[in-house]
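Keep the structure in view as you read.

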Amino acid sequence: MASKEVSEIPGLNIEDLKLKGFRVHEMPASTSIPASRGRRDFYKIGLTSGNTAIEYGGKIIEANGTFLVFINPHSRHSVIKYYRKENSYACLFTEDFIAGLKRTELLQSSPLFNNREAPVIPLNDEQATFMTGIFQKMLAVHNGDYPYKGNLLRSCIELVIHEALRIQPPQNGLQFINAATRITHLFMDMLERQFPIERTGEPLRLRTAQDYAAGLSVHINYLNRSIKEVTGKPTSVHIAERIAAEAKALLQHTDWSVADIAYGLGFEYPTYFNNYFKRVTGATPKSFRVSKV
């Protein structure tokens, strides 16, 4: 099922990215870069100098100056406006390209790629010069014929991530106050990793609190108690809200039929999905889609 809005990122060939798993390009000086709302399967690190506004997870983030931005593939985003002052670059890569246990763990655990926020890290002149050098190196290596350029590019990505963490260390890192907070974090991570739904042939697997308890190897009562203690909301509410959010995204940003969306989200029949969506959102899937056109 095709997205209604096809991204046209300047200098980027999506098929080439999917084939090789990596792409780096220089951003043009522009005030009208088209919005890219389609969610894809690559991480993005941008080095930008200028004025930028990014819509990320329903929030507008505005930045002026030179900064790094880290975007998770599981979160919808779009560049609303952009005006470049100096050299700006974007590096895109898939999780498969990174490969290796340590690098994959770095991606999955790093607060830089949080699903709910878009970390924007301001850089001073010295830091900007250093980061620009790394991106220029990636560009040169990517366009060259060095036989081990994949390994070198992976090292460059890793260096950018570590330098960003050094420049702006996370406030809380991944330290947990107690067992309830830890299990809540694991639940939230497992919930988010189920999305986005890319095709109806791979429907949502985990849809109930019992499913998540089994996946986390804990008793359902312990999971429910921990989630409620930490967040104030039951496990089932978190699941319902996330499924509803995904349904809204599919209704708004794809041309999938309501039946296809229902099957993709794991509903056996479209009528079950219609009733579920109306109960959670107060609107039917069809009326919601019409209101967003």
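## Helices that cross

In this predicted model, the crossing of helices H9 and H12 is right-handed, meaning that the near helix is turned clockwise from the far one by less than a right angle. Helices here are DSSP runs of H or I with at least four residues, numbered from the N terminus. On the H9 side, Lys248, Leu250, Leu251 and Gln252 make the contact, and on the H12 side Pro285, Phe288, Arg289 and Lys292 do; contact means heavy atoms within 4.5 Å. Sorted by class, this contact has 4 nonpolar, 1 polar and 3 charged residues. Ala, Val, Leu, Ile, Met, Phe, Trp, Tyr, Cys and Pro count as nonpolar, Asp, Glu, Lys and Arg as charged, and the others, Gly among them, as polar.

A second pair is H7 and H8. Here Ala209, Gln210, Tyr212, Ala213 and Leu216 of H7 meet Ile220, Leu223 and Asn224 of H8. That contact has 6 nonpolar, 2 polar and no charged residues.

The table gives the geometry of both pairs.

| Pair | Angle | Axis distance |
|---|---|---|
| H7 (residues 209–216) and H8 (residues 220–231) | about 105° | 9 Å apart |
| H9 (residues 235–253) and H12 (residues 285–292) | roughly 55° | within 9 Å |

Axes are lines fitted to C-alpha atoms over the stretch in contact, and angles run from 0 to 180 degrees between N-to-C directions. H7 and H8 are therefore roughly perpendicular, whereas H9 is oblique to H12. Under 35 degrees counts as roughly parallel, over 145 as roughly antiparallel, 65 to 115 as roughly perpendicular and the rest as oblique.

## Local details

Between H7 and H8, the loop holds Ser217, whose phi is positive, near 60°. Pro196 sits in the loop between H6 (179–192) and H7, and the peptide bond from Phe195 to Pro196 is cis, with omega near 5°. Most residues other than glycine have a negative phi, and most peptide bonds are trans.

The average pLDDT of the chain is 78, and 71% of the residues score at least 70; pLDDT is the predictor's confidence in each residue, from 0 to 100. Over residues 31–39 the pLDDT is below 50. Where pLDDT is low, the predicted coordinates should not be read in detail.

Residues are numbered from 1 along each chain as its sequence is written, and side-chain values use heavy atoms, leaving out hydrogens and water. Local features need pLDDT of at least 70 and side-chain atom pairs count only at pLDDT 80 or more, while totals for chains, interfaces and linings use all residues.

Key: Helices (H or I, at least four residues) and strands (E, at least two) are DSSP runs, numbered from the N terminus.
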